[in-house]
Amino acid sequence: MVAHIGNHFKCPNTGLIYSGGVTGSYFSFPNAPPTHKLFQYQYTPQHLVRLLQIIVDGNCDLAVRQVASIHFKNFIGKNWAPHEPGEQQKISPTDKAAVRDYLLEFIVRVPSLLRVQLGECLKTIINADYPEHWPALLTWVKCHLQDQQVYGALYVLRILSRKYEFKSEDERTPVYLIIDEAFPPLLNIFNRLVQIPSPTIEIAELIKLICKIFWSSIYLEVPKQLFDPNVFNAWMVLFLAMLERPVPTEGQPTDPEQRKSWEWWKVKKWTVHIMNRLYTRFGDPKLLKPENKPFAQMFQKHYAGKILECHLNLLNVIRQGGYLPDRVTNLVLQYLSSSISKSNTYQLLKPQLDIVLFEIIFPLMCFNDNDEKLWREDPHEYVRKGYDIIEDLYSPRTASIDFITELVRKRGKENLQKFLTFIVEVYRRYDEAAPGYKPYRQKDGALLAVGALCDKLKQTEPYKSQLEQMLVQHVFPEFRSQVGHLRAKAAWVAGQYASINFADQRNFSAALHSVVAGLRDPELPVRVDSVFALRSFVEACKDLNEIRPILPQLLDEFFKLMNEVENEDLVFTLETIVDKFGEEMAPYALGLCQNLAAAFWKCMQSAEAEEDLDESGALAAVGCLRAISTILESVSRLPHLFPQVEPILLPIMQRMLTTDGQEVFEEVLEIVSYMTYFSETISLEMWSLWPLMINALDDWAIDFFEKGL
């Protein structure tokens, strides 16, 4: 077939251009021809097919093939479908037809390094062309699901099904035809694969693709074809078989990162994913349309309990010291949390609840070896993971906390006292142990549990009236612990309960000063958790004289920490302090704006260096601008300060009123409004912002027109 492409479309120079021109630019080969030669050819007829000739040619250097595949992907992404109305087609219908055919032919024959690029191309083409301009695609898939090219058919069907994963009901019509045509042979393949006695890793990859296809097809709704009890049961029997079957021990990587990405563990993850999705979205009759209730009732009656049983068996692996990937553990615990509110599944869970709570959930909440390693080797990453909402999706600890909070919220009468008795026993063993033998990690887990249950405990007697005593006896002493993670946890828990009514205000004062002292702790995570707690104490503080004398030192430590980490909670705390003290912040306004501006530029420089601002950095950048607005508002009755801060803020306003500032345009407009409204005069430099605002509003910022006024 490669020879066929080559004979049909002659291009003796393209490979030379790639090996000399493009790879020269990537790898700095000496005397390489200029890369502009390549771009002379890119809009000529048959250019894309010539690129495919290079990509699929096994005799060609892999680096050259990879560069060709990247250019191929980028060209298709940019030019396959017009992006603007009336834009001229840049690829001829003949070339498009050839590319579609050859992609299907070769996508599974190339190495995985190249398949990733070609898969992205196929995704672009399917999104643009199917079904209107590529109706034969589904026929090709169905045909090859029944011959020797099963992997290729599954790979393409996965991309095709993903197109409709998030589509609303009126856009999902093509899914029904896909399920009619492809699901019967897909089910047969799945059935054969599950029955193979000693399956290889290649079998795992095929099953994983089937799971992903099914996931995309049922993500927003269960297609009506699956409402047939016999059809649905045929699928569920196979998924439950995969759920029950132990992951093969042979061939498992020893490296933790490779192990969690091993194909058989991915199969387990996707199977659990599917069971959870069916249960949480379609398994509760109360939440569904009337026509879907019979399906939900059938699911609850025949499958919910069986899935719960399989999930409990999976968790038992952890209890026995075995391995379960964090993501799988997280998903299993999510299912258990959803089971609490439903009577039939809760009754099944109840006999094993003590084992789940005390031998699985609580140990997952405790500080562990991985935490210790990260704390010691990379404290910045420890902090990032602790405050990253994306990490929560994968964290067994977060899922354990969610399970506990859901349990006491929905089934508190029979479980809250039992769980707290267990926590008190952990405290007792810790207090009675000799200093070198204290169960520090269990104490950390107990503190985490008490902090996580703060909303329930602050509202429920008799616990509500015992909270101050609990804090004084079991939490506040850990501010002086020799163990860093306990000092951090003490600060966090203290912050959770800062708002309670302290009978003895000296206890509040002692905790506040301990939290402030934590800002100078030698361990970075302790300093960050102390800042987080400080916000709660400032909000709860009834006598600002508690804080007023130490305000300069507090702000100094605060900005030292801002120079170390990009964290939005730091900025939230600063906003709270500024809001609380109002005009008293005037002596510090200039320094605050300087430090916040510096922190903002640091976030922006990180973004430019990495070409993409991560979530925490983006939130921190926005937080800096919001804090500046809070400061300007707090000193709004002191107009003489505004000319002093103007030189600090002007560079931010000048740059962020251009397209560079699209993500923060609203925050910058607010700063501009403060600087012009509360200042006694408007400087020429501030007037220079007007054309920038008008250009932005005229071009891309029309949604902010009212704000601009």
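Residues are numbered from 1 along each chain as its sequence is written, and side-chain values use heavy atoms, with hydrogens and water left out. Because the model is predicted, local features need pLDDT of at least 70 and side-chain atom pairs count only at pLDDT 80 or more, while totals for chains, interfaces and linings use all residues.

The description of helix packing rests on two quantities: two packed helices are described by the angle between their axes and the distance between the axes. Helices here are DSSP runs of H or I with at least four residues, numbered from the N terminus. Axes are lines fitted to C-alpha atoms, for helices over the stretch in contact, and angles run from 0 to 180 degrees between N-to-C directions. Helix 15 (residues 293-319) packs with helix 16 (residues 326-339) at an angle of about 135°, and their axes are 10 Å apart. Helix 15 is therefore oblique to helix 16. By convention, angles under 35 degrees count as roughly parallel, over 145 as roughly antiparallel, 65 to 115 as roughly perpendicular and the rest as oblique.

The next topic is charge pairing. Side chains of opposite charge can pair when their charged atoms come close. The structure holds 35 salt bridges, each defined as a side-chain nitrogen of Lys or Arg within 4 Å of a carboxyl oxygen of Asp or Glu. One of them joins Glu381 to Arg384, with the closest N and O atoms 2.7 Å apart. Both residues lie in helix 20 (residues 379-386), three residues apart, about one turn of the helix. Glu381 counts as partly exposed at 24% relative accessibility, and Arg384 is partly exposed at 27%. In these terms, buried means under 20% relative accessible area, exposed over 50%, and partly exposed in between (1.4 Å probe, protein chains only). Glu381 and Arg384 also belong to a network of salt bridges that links them with Asp388 and Glu391.

Another salt bridge brings together the side chains of Arg527 and Glu564, at 2.9 Å from N to O. This pair links distant parts of the chain, with Arg527 in helix 29 (residues 524-540) and Glu564 in helix 30 (residues 551-564), 37 residues apart. Arg527 is buried, with a relative accessible area of 12%, whereas Glu564 is partly exposed at 34%. Helix 30 also holds Asp556 and Lys560, which are four residues apart and thus separated by about one helical turn. Asp556 forms a salt bridge with Lys560, the closest N and O atoms being 3.7 Å apart. Asp556 is partly exposed at 43% relative accessibility, as is Lys560 at 44%.

Finally, Ile682, Leu684, Trp687, Trp690 and Ile694 make a nonpolar surface patch of about 560 Å². Helix 36 (684-687) and helix 37 (689-699) are the elements that give two or more residues to this patch. Patches are made of residues with over 30% relative accessible area and no salt bridge; like charges are joined within 9 Å, and nonpolar side chains (Val, Leu, Ile, Met, Phe, Trp, Tyr) within 5 Å. Leu684 lies in helix 36 and counts as exposed at 73% relative accessibility.

How values were computed:
Accessible areas come from the Shrake-Rupley method with a 1.4 Å probe; for residues, only the protein chains shown count as cover.
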